[in-house]
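I opened the model and kept notes as I went. The entries follow in the order I looked things up.

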Amino acid sequence: MTETPKQRVWGRWVVLAAFLVGVYLFYVAKIPVIMPEVLLPAEEVFHLGGFPITNTLIALFFVDLIVFGIAFGVSRAVASGKQILGGISGAVEALIEMIYGMTEGTAGKWAKTIFPWFATIMLLVLVANWMEMIPGIETVGLIHTSEHGEFATQQIGPFLGIVKAEGEGGHALIPYVRVVSSDLNFTLAIAIVVVVMIQYYGIKSQGAAYFSKFWNVKTVFTKPIFGVIDFGVGLLEIVSEFSKVLSFAFRLFGNIFAGSVLLFVIGSLVPVFAQSIFYLLEFFVGAIQAFVFGLLATTFMAQATQGHGGEHHEEAHA
Amino acid sequence: MEAAAAKLIGAGLAMIGAIGAGAGIGIVASGAVQAMGRNPDATGTIQTNMILGIAFAEAVAIYCLVVALLILFVF
Amino acid sequence: MEALGINPGFLLVQIVNLIIAYVVVAKWIVGPILGMLEKRRETIAQGLEDARVAAEARASAEKEAEKIIAEAQAKASAVVRESTERAESAARDIKAAADATAAKAAEKKLAEVEEERGRILGDLRGQVAALAISATQKLVGESLDEKRQHALLDEFFSGVKAGKVVVMEAASVSGASAEVTSALPLTPAEQESVKKDVLAKSGAAAVAFRVDPTILGGLVIKVGDKVLDGSVAGKLEGLRSNLR
């Protein structure tokens with residue numbers, strides 16, 4: 001709020017200067033622009049005591065650093081007894097308050113139990129997604145020599161860059177840091193934990209009755225045809241639990257991975273300014289995906305606690 | 001090289017399935033916006049349910065994406 | 001799986017990391033913030049409750065104050081009314097006393113004046129009679145019987161002839177009170193005969209005597225709402241209107 005008009009004007013000049021520098025570099029000095037190699041798995045950067053460290057693990061380290069830092073800051077700020085939190089703690093508090101209201105709406109009395117998952121997933125994925133915004137991530141890295149590398153190297157000023165190979169390639173870029181959400185291990189880990197916790201909360205709230213959702217023999221003998229259909233639907237629920245893992249994992253992965261590929265493509269087509277617009281889009285997508293992941297996890301957990309039997313009867317007969 | 005070309009074509013074809021998801025998400029969002037316009041008080045609930053509906057519609061597109069990725073990188 | 005980058009080792013690392021993050025977030029972010037929200041909600045509820053209590057207290061205090069003010073006003077107006085009444089009655093008493101005193105003094109004065117006037121006019125009558133007789137003697141040239149002359153004069157002034165009131169001879173009047181006006185004061189004997197005659201004729205209870213020199217002579221007798229004009233002035237007036 002203390003931002004003066006002067007500062008904003010200053011910011012505009014910076015934007016203009018960056019724009020002009022970009023125009024000079026790419027259109028006057030003719031720095032070659034390439035589309036980086038798109039690789040699904042995370043690349044290995046170095047080994048630490050025999051264990052390979054990938055660039056997404058490095059990103060995860062930074063994400064954890066930020067999240068733990070926020071957590072530490074918030075706990076300190078709350079412990080200081082202030083009524084109003086300022087800065088990042090205040091923003092986190094506002095976020096937590098908002099999503100807690102939503103959790104209360106869906107989960108009712110289980111809100112307090114389920115909510116930490118929502119908060120954890122939201123914060124972790126949000127920080128991970130927004131890391132994509134930082135320049136240098138996924139573009140600065142080791143130039144690696146391999147037989148299936150497609151690029152040649154070229155000295156650009158003080159830096160060694162990679163350019164499109166004319167005949168012989170043999171070089172590839174391994175970024176030091178790659179957004180952790182574009183690593184399937186990360187998204188799959190969250191998805192698996194969430195689905196396991198869904199089953200856990202289901203059993204905790206309903207006991208053995210929770211399994212009747214999957215092995216529905218209550219109506220098989222009492223109702224001629226619909227009983228069998230109910231039983232089949234129950235078996236399908238098992239499949240749906242696995243598809244939950246898949247859709248959770250690939251939704252986040254697909255959005256973020258596609259986002260980074262989109263940025264690559266746009267950057268290679270129009271090197272100046274055009275990417276900024278898509279950065280805005282990615283900023284939005286990153287926030288939405290983090291929110292959707294958390295909200296879906298909360299909703300599924302809440303549904304598991306509320307019991308399914310009755311609803312499925314009605315659906316089956318409808 | 002023919003196998004590689006076929007892979008690329010197959011991946012592209014697999015993503016055709018995203019059409020349905022796109023249309024579905026559009027319908028969901030349209031309905032939600034109309035509902036919010038008619039009953040602004042229920043915006044919170046509608047938004048939550050809209051995101052849920054979009055997520056389910058999107059799941060189909062995600063399966064397409066999975067298939068495309070599998071074709072591109074696995075086979 | 002390997003082509004998609006899924007690796008059991010990394011997966012395990014990520015799961016462990018997520019669980020650590022869960023513990024950290026639950027303990028350091030969610031716990032404190034939810035606690036704070038709860039506290040804030042309680043504070044707000046407490047504040048609202050306090051405000052409600054304060055508002056109630058103020059309302060009752062206002063009512064109390066209103067009651068007290070109303071009582072005070074009633075008392076004040078009663079005091080004012082009472083004092084006003086007292087002052088008025090005191091003023092009335094004082095005024096009545098003053099009036100009474102003034103009336104008494106005025107009456108006394110009037111009576112004195114009346115008496116003095118009666119005395120002076122009585123003196124005058126004797127002189128007027130002597131003057132009239134001597135003037136007549138000179139004019140007529142011969143002396144009438146002095147006694148007869150006095151009788152004529154007396155008759156002129158008193159309107160009483162042979163013990164009877166002249167104006168009452170033919171008239172028949174009746175009333176509760178009678179007033180007799182003469183040009184000069186009547187002698188007690190005349191008064192007595194007039195009174196007796198008037199009382200007998202009109203049936204009035206009392207007779208009052210007045211003196212008014214403008215009627216020149218004779219008597220004007222007012223009984224009830226009837227006036228019998230036996231005065232010389234009245235006769236002259238009648239004569240004047242006849243001659244015209």
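**Entry 1: layout of chain A.** What pattern does chain A follow, read along the sequence? I read it as α-β-β-α-α-α-β-β-β-β-α-α-α-α. I noted that this is a predicted model. I counted eight helices and six strands in chain A. Next I looked up burial: of the 318 residues of chain A, 46% count as buried. I then checked contacts in chain A with a separation of 6 or more. Residues 24 or more positions apart account for 70% of them.

**Entry 2: domains of chain A.** I looked up how chain A is divided. Domain 1 takes in 29-137 and 176-317, and domain 2 covers 141-172. I also looked up the spacing of the two domains of chain A: their C-alpha centres lie 36 Å apart.

**Entry 3: Ser182(A).** Where is Ser182(A) found? I located Ser182(A) in the loop between β6 (171-175) and α5 (184-206) of chain A. Is Ser182(A) buried or exposed? Its relative accessibility is 1%, so Ser182(A) counts as buried; the cut-off for buried is under 20%. I left aside its neighbours within four places in sequence and listed the contacts of Ser182(A). They are Leu40(A), Glu138(A), Phe253(A), Ile256(A) and Phe257(A).

**Entry 4: Phe273(A).** I moved on to another loop of chain A, between α6 (226-269) and α7 (274-306), where Phe273(A) is found. Phe273(A) is not a glycine, although it has a positive phi of about 70°. I put its relative accessibility at 48%, so Phe273(A) counts as partly exposed.

**Entry 5: α3(A) against α7(A).** I turned to helix packing. Two packed helices are described by the angle between their axes and the distance between the axes. For helix α3 (residues 87-107) of chain A and α7(A), I noted axes that come within 9 Å and cross at roughly 30°. Angles under 35 degrees count as roughly parallel, so α3(A) is roughly parallel to α7(A). I recorded the crossing of α3(A) and α7(A) as right-handed. Which residues make the contact? From α3(A) I listed Met98(A), Ile99(A), Met102(A), Thr103(A), Thr106(A) and Ala107(A). From α7(A) I listed Phe291(A), Leu295(A), Thr298(A), Ala302(A) and Gln306(A). I sorted the contact of α3(A) with α7(A) by class: seven nonpolar, four polar and no charged residues.

**Entry 6: α2(B) against α3(B).** Among the residues of α2(B) that make the contact I noted Ala18(B), Gly24(B), Val28(B) and Met36(B). On the α3(B) side I noted several, including Thr43(B), Met50(B), Gly53(B), Glu58(B) and Cys64(B). By class, the contact of α2(B) with α3(B) has 14 nonpolar residues, four polar and one charged.

**Entry 7: Lys196(C).** Last, I looked at chain C. Lys196(C) is found in helix α3 (residues 188-202) of chain C. Its relative accessible area is 61%, so I logged Lys196(C) as exposed. I also checked Lys196(C) against Gly218(C), 22 residues apart along the chain. Their C-alpha atoms are separated by 17 Å.

Technical notes. Residues numbered from 1 in each chain as written. Chains lettered and ligands numbered in written order. Predicted model: local features only at pLDDT ≥ 70, side-chain atom pairs only at ≥ 80, totals over all residues. Heavy atoms only, no water. Helix = DSSP H or I, 4+ residues; strand = E, 2+ residues; numbered from the N terminus. Buried < 20%, exposed > 50% of the residue type's maximum accessible area, 1.4 Å probe, protein only. Contact = heavy atoms within 4.5 Å. Nonpolar A, V, L, I, M, F, W, Y, C, P; charged D, E, K, R; others polar. Domains from an automatic or database assignment. Axes fitted to C-alpha atoms, helices over the stretch in contact; angles between N-to-C directions. Parallel < 35°, antiparallel > 145°, perpendicular 65-115°, else oblique. Left-handed = near helix turned anticlockwise from the far one by under 90°.
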